[in-house]
Amino acid sequence: MGRKTSAFNVVSVALGLAFLYLPIVILVIYSFNGSRLVTVWGGWSLTWYRALLSDRAMIDAAWASLRIAALSASAATVLGTCAAIALTRMGRFRGRLLFSGMVYAPLVMPEVITGLSVLLLFVALDVDRGFWTISIAHTTLTLCFVTVIVQSRLISFDRSLEEAAMDLGCPPLKTFLTITLPLIAPAIAAGWMLAFSLSLDDLVIASFTTGPGATTLPIRIYSEVRLGVKPEINAVCTIMIAIVALGTVASSLLAKRGAMRRERAALSAQM
Amino acid sequence: MADAATQGQTAGDTPLLRFEGIGKRFGPVVAVEAFTLDIGQGEFFALLGPSGCGKTTLLRMLAGFETPSEGRILLDGDDIVAVPPHRRPVNMMFQSYALFPHLSVAGNIAFGLRQEKAGKAEIAERVTEMLALVRMPDFGRRRVDQLSGGQRQRVALARALIKRPRVLLLDEPMAALDKKLRAETQFELMELQRKLGTTFVIVTHDQDEAMIVADRIAVMEHGRLAQVAAPSEIYERPNSRWVADFIGEVTLIEGMLADGAIETGLGRFRAAIPSGGKKRDTAWLALRPEKLRIDAQRPTGGELNAVAGTVFEIGYRGDMSIYKVRLADRSLMKVALANTSARGQASFGIDDLVWLSWPPEAGWVLTR
Ligand SMILES: Nc1ncnc2c1ncn2[C@@H]1O[C@H](COP(=O)(O)OP(=O)(O)O)[C@@H](O)[C@H]1O
Ligand SMILES: [Mg+2]
């Protein structure tokens with residue numbers, strides 16, 4: 001019954017993983033490099049992390065990036081989930097095709113174009129560019145990813161669950177909150193995580209929509225790297241990787257804990 | 001269609017439930033048409049018909065998930081068409097069971113009461129009571145995905161019954177169970193219905209199931225009501241060839257009405273003629289396989305109808321064998337013979353010459 005692990009499978013998995021993770025592993029290892037030269041191994045050390053702590057500009061940029069990512073991911077999750085519900089639940093309303101096309105367009109739109117068009121909008125509206133404009137632009141960018149993830153979950157969602165809840169006396173809105181939402185929550189969380197990561201790592205759109213006093217981490221890193229790769233950059237990137245990884249693990253753990261809590265609540269009814 | 005005759009035994013003065021000229025279209029598809037039916041308090045009622053005939057649509061209109069294109073649905077005399085599903089005093093057991101995967105068994109069963117803002121103690125008590133009722137007292141803490149198909153079915157039943165609905169709707173409740181479990185569940189369901197006295201409306205495409213569980217059956221054909229009556233009435237006195245053929249095995253012989261008989265290509269057979277029937281009208285004699293005798297010689301007996309043929313095929317079923325006998329006009333007639341060798345019944349082989357006979361009251365004449 002057990003699946004055979006042929007040499008071919010092992011090799012292809014190893015190659016795939018290496019392709020994905022080797023550059024990252026090298027970056028992480030070099031962030032602990034004691035040497036000032038990026039290409040020379042000088043023993044393990046935390047020098048560059050310590051240097052980072054006193055790099056005010058870098059810390060500010062990281063903080064700005066995190067705030068923008070959290071804000072835009074949250075906004076994109078709310079709007080993207082609403083769009084997904086409208087697309088799956090409202091049937092064939094007039095302009096549905098146009099609406100779905102418009103929601104999905106940023107998915108394939110070159111970022112340069114998205115960035116430029118958003119910039120033109122902000123210029124036309126004469127708003128000061130900075131934290132808020134980047135957040136709005138990132139919401140535009142990430143919304144469609146949330147919609148895709150949530151919509152695919154909603155399509156496979158068994159509508160009879162909602163009907164059963166209503167049949168048992170649960171009004172429609174409460175049905176959505178107590179039945180639909182908990183069941184699609186993992187998809188929504190996954191959408192948020194993806195939006196957060198996309199925002200955190202975006203350089204193109206942020207460059208177009210940024211203004212004085214709002215430098216995100218990728219912008220900062222990019223401008224520093226142009227003057228030569230400093231080991232400090234490796235340290236920053238390692239921290240970013242750690243945050244994204246932690247976020248992913250945390251969201252899956254949260255989803256699991258939520259399920260357990262719901263179960264315990266149901267148990268108390270029985271006792 | 002909707003007169004007392006098609007309705008079978010009428011159900012009390014004010015019916016609990018009344019469909020009045022219900023029609024439902026999905027775009028060009030007519031799912032239900034001119035459907036009128038009364039269901040009485042405490043009945044175990046079955047909607048029976050081939051798949052796609054509109055049974056589920058009818059049930060969903062009763063639960064409030066579909067709005068009729070025309071007609072009224074009365075519950076205790078009040079039109080409920082405009083009442084949303086969550087305010088209707090009927091509960092439904094879904095074909096897929098639709099158990100909430102994020103709730104435990106107890107959480108699922110308690111769901112309906114929670115919506116009524118019932119007290120914690122009352123909920124706990126009623127959940128325990130329902131678990132006992134479906135004979136799963138120790139399963140409250142289980143997760144839904146840890147249950148077998150039969151157990152899920154019981155949980156779905158308990159969840160639908162906890163609010164003590166005026167009518168319990170069951171959509172193909174046993175379709176997902178294996179044959180043995182289905183038979184057990186059918187009897188449990190009947191016992192439960194007797195104990196609670198709740199009106200059950202079950203939807204099924206399985207005629208055996210409908211005959212076993214239901215007090216009355218409505219047979220549906222293409223969204224229309226074909227016949228409503230007690231199971232024995234539908235089996236013994238179907239009102240059309242379609243119903244006769246849909247319910248159980250039957251041989252239909254075409255002929256013309258005559259005086260106390262029907263003239264067919266195989267001869268003149270004595271039978272009771274339907275009251276409205278005129279002489280020379282086209283009619284069909286319906287014969288159930290188990291009502292026929294099979295003998296090697298022409299049986300004697302003045303009233304008996306008899307016809308000769310040769311055995312064409314024998315289907316052995318364990319408890320009985322179905323003989324297909326080829327008659328003079330090359331048509332086949334089905335005869336069931338119980339395999340009770342103790343009774344000394346003769347058995348026959350392929351190509352044996354046999355006589356089939358039946359008393360006049362064993363045949364049933366249909367005019368459509
Ligand atoms: N939501 C719907 N949209 C379009 N057609 C439907 C819908 N529901 C049912 N139908 C059609 O109505 C007819 C009756 O369906 P249904 O009530 O499910 O039959 P049954 O339960 O007897 O098998 C079928 O032809 C089916 O295709
Ligand atoms: Mg159905």
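This is a predicted model: local features need pLDDT of at least 70, side-chain atom pairs count only at pLDDT 80 or more; totals for chains, interfaces and linings use all residues.
Ligand 1 is surrounded by residues of chain B. The shell runs from Pro50(B) through Ser51(B), Gly52(B), Cys53(B), Gly54(B), Lys55(B) and Thr56(B) to Thr57(B), and also includes Phe26(B), Val29(B) and Ala31(B). By class, five of these residues are nonpolar, five are polar and one is charged.

A polar side-chain atom of Thr57(B) lies 2.5 Å from an oxygen atom of ligand 1. For Lys55(B), a backbone N or O atom is 2.9 Å from a ligand oxygen. For Gly54(B), a polar backbone atom is 3.1 Å from an oxygen atom of the ligand. On its own, ligand 1 has 560 Å² of accessible area, and the protein covers 59% of it. Two elements of chain B, strand S2 (29-39) and helix H1 (55-63), each give two or more residues to the shell. H1(B) provides the largest share, with three residues.

Chain B is divided into two domains. Domain 1 spans 17-241, and domain 2 spans 250-366. Their C-alpha centres lie 39 Å apart. Eight residues of domain 1 and seven residues of domain 2 take part in the contact. The area buried between the two domains of chain B is about 730 Å². Carbon and sulfur atoms give 59% of this area. On the domain 1 side, Tyr235(B), Pro238(B) and Arg241(B) supply 71% of the area buried against domain 2, more than any other three residues.

Key. Residues are numbered from 1 along each chain as its sequence is written. Chains are lettered from A and ligands numbered from 1 in the order in which they are written. Side-chain values use heavy atoms; hydrogens and water are left out. A residue is near a molecule or strand if one of its heavy atoms lies within 4 Å of it. A polar contact is a pair of N or O atoms within 3.5 Å; within protein, one must be able to donate a hydrogen and the other to accept it, and residues adjacent in sequence count only if both atoms are side-chain atoms. Accessible areas come from the Shrake-Rupley method with a 1.4 Å probe; for residues, only the protein chains shown count as cover. Helices (H or I, at least four residues) and strands (E, at least two) are DSSP runs, numbered from the N terminus. Ala, Val, Leu, Ile, Met, Phe, Trp, Tyr, Cys and Pro count as nonpolar, Asp, Glu, Lys and Arg as charged, and the others, Gly among them, as polar. Domain bounds come from an automatic or database domain assignment. Contact means heavy atoms within 4.5 Å. Buried area is the accessible area (1.4 Å probe) that two parts lose on being put together, summed over both.
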